[in-house]
Amino acid sequence: MQDFFLKPEYFKYINLFSGVRDFDDFALIKLCKTAVDNQLGSISVPDKYVENVWKWLELSDVLLNAVINNFNGKISIDDIFKSIKSLFNRGADLVEVILPPLFFDVDIENIPQQLDEYLLAISEAKGVKKVKLSIESSFIKHSSALKGLVYLFSEYKIDYLKTASGLYSLNSDINQLNAILEEAKSSDVGVDFMFDRTSQNKFIIDDAFRLANFILGSDSVDEKKFSVSCSLQDFQGILGKSTC
C-alpha cells in the first residue's frame, strides 16, 4: 500500500463531511472542530442542520456547504428554488444539490426540458452565491455525458461539478477525474473531487491536486476552482498516515 502524502497548503481546498447517514450534534461539533483546527476550506452538512453549524462556524474562515439531497427526484423544482434561497438566508455559504440519476447521462443534442427548467431554477435561486451539483460520476458510462453536463453547468452559471455525493457513490476514478478536468478547463465550472478510502491504492488527495494543477493550471487551483471532498474518518486517517 502506498503511503499517504498531503501537502498542508491543500488543506484550505478540502471540503469535509461527516461520512455517516445519521447525524447528531456530537458528530457535527466534531466535524466543525476538525475543520476549524486544520483550517480546511469548507464542511458539508444536510440542509436541516445549517442554523446550528452556522453558529459554531461563524467566527472561523471555514465555509458552510448545505446539502439538498434530491437523488430520488422527489423534490419539486419550486421547492429546490425555495430551499436554496432559504439556505443562503440562514447562513450557508454554498449550496450543494444532489442530482437525480435521470440527469446523469445527458445528450447535449437532446436536452430534456425538465433538466433545462431544473438548472434555470437553481441558477436564478443562487443569484451571486455559489452552488455545487453532485452527479455521481462513477455511474456515468459515456464521456459525452460528462462533456454535456459541463457545458450545461457553464451555461447556467453552476459553480462546481462534484464527482459524487458520498452517499450513493463514493468516488470517481482518475480517468473520470481527468476527463472532467479536461472539459472544465475551458469553462467557468469548478470541480470538487470526491475522495474515499477505496481509492487510496489508485491515487490520493495530493495526486488529485497535482492532476488539477497540471490540467487547469496552478492559478485555477489558487482561485478555488478545484477542491476535494472527503469524510471526517478518511481525513483523520490521512492525517495519521501522512508522510508530510
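Phe235 is buried, with a relative accessible area of 0% (buried means under 20% relative accessible area, exposed over 50% and partly exposed in between, with a 1.4 Å probe and protein chains only). The model is predicted, so to speak of local features takes a pLDDT of at least 70 and side-chain atom pairs count only at pLDDT 80 or more, while totals for chains, interfaces and linings use all residues. Residues are numbered from 1 along each chain as its sequence is written, and side-chain values use heavy atoms, with hydrogens and water left out.

Back to the rings. The count of aromatic pairs comes to eight; rings of Phe, Tyr and Trp (its six-membered ring) pair if their centres lie within 6.5 Å, and planes under 30 degrees apart count as stacked, over 60 as edge-to-face and the rest as tilted. One of the pairs brings Phe235 together with Phe11, edge-to-face, at 5.5 Å centre to centre and 70 degrees between the planes. This pair links distant parts of the chain, since Phe11 sits in the segment before strand 1 and Phe235 in helix 9 (residues 232–241), 224 residues apart. Helices (H or I, at least four residues) and strands (E, at least two) are DSSP runs, numbered from the N terminus. Phe11 also counts as buried, at 13% relative accessibility.

Another pair is made by Phe103 and Tyr118: the ring centres are 5.1 Å apart and the planes meet at 65 degrees, so this one is edge-to-face. Phe103 comes from the loop between strand 4 (94–98) and helix 4 (113–126), and Tyr118 from helix 4, so the pair ties together parts that are 15 residues apart in sequence. Phe103 is buried, with a relative accessible area of 1%, and Tyr118 counts as buried at 3%. Elsewhere, Tyr10, Tyr13, Phe209 and Phe226 form one aromatic cluster.

Lys132 lies over the face of Tyr160, at 5.8 Å from the ring centre, and Lys162 over the face of Phe17, at 5.9 Å.

Leaving aside neighbours within four places in sequence, Asp192 is in contact (heavy atoms within 4.5 Å) with Asn15, Lys132, Tyr160, Leu161, Lys162, Thr163, Ser227, Val228 and Ser229. The Asp192 side chain makes polar contacts with the side chains of Ser227 at 3.4 Å and Ser229 at 2.8 Å. A polar contact is a pair of N or O atoms within 3.5 Å; within protein, one must be able to donate a hydrogen and the other to accept it, and residues adjacent in sequence count only if both atoms are side-chain atoms.

Ser229 has a polar contact with Asn15 too, side chain to side chain, at 2.8 Å. Asn15 belongs to strand 1 (residues 14–17) and is buried, with a relative accessible area of 1%. Residues up to four places away in sequence aside, Asn15 touches, among others, Ser42, Ile43, Ser44, Asn65, Lys132, Lys162, Asp192 and Cys230.

As for the cysteines, the disulfide count comes to zero, a disulfide being a pair of cysteine sulfur atoms within 2.5 Å. For Cys32, the nearest cysteine sulfur is that of Cys230, 15 Å away. Cys32 counts as buried at 4% relative accessibility, and Cys230 is buried at 0%.

How values were computed
A charge sits over a ring if NZ of Lys or CZ of Arg is within 6 Å of the ring centre and within 35 degrees of the ring normal.
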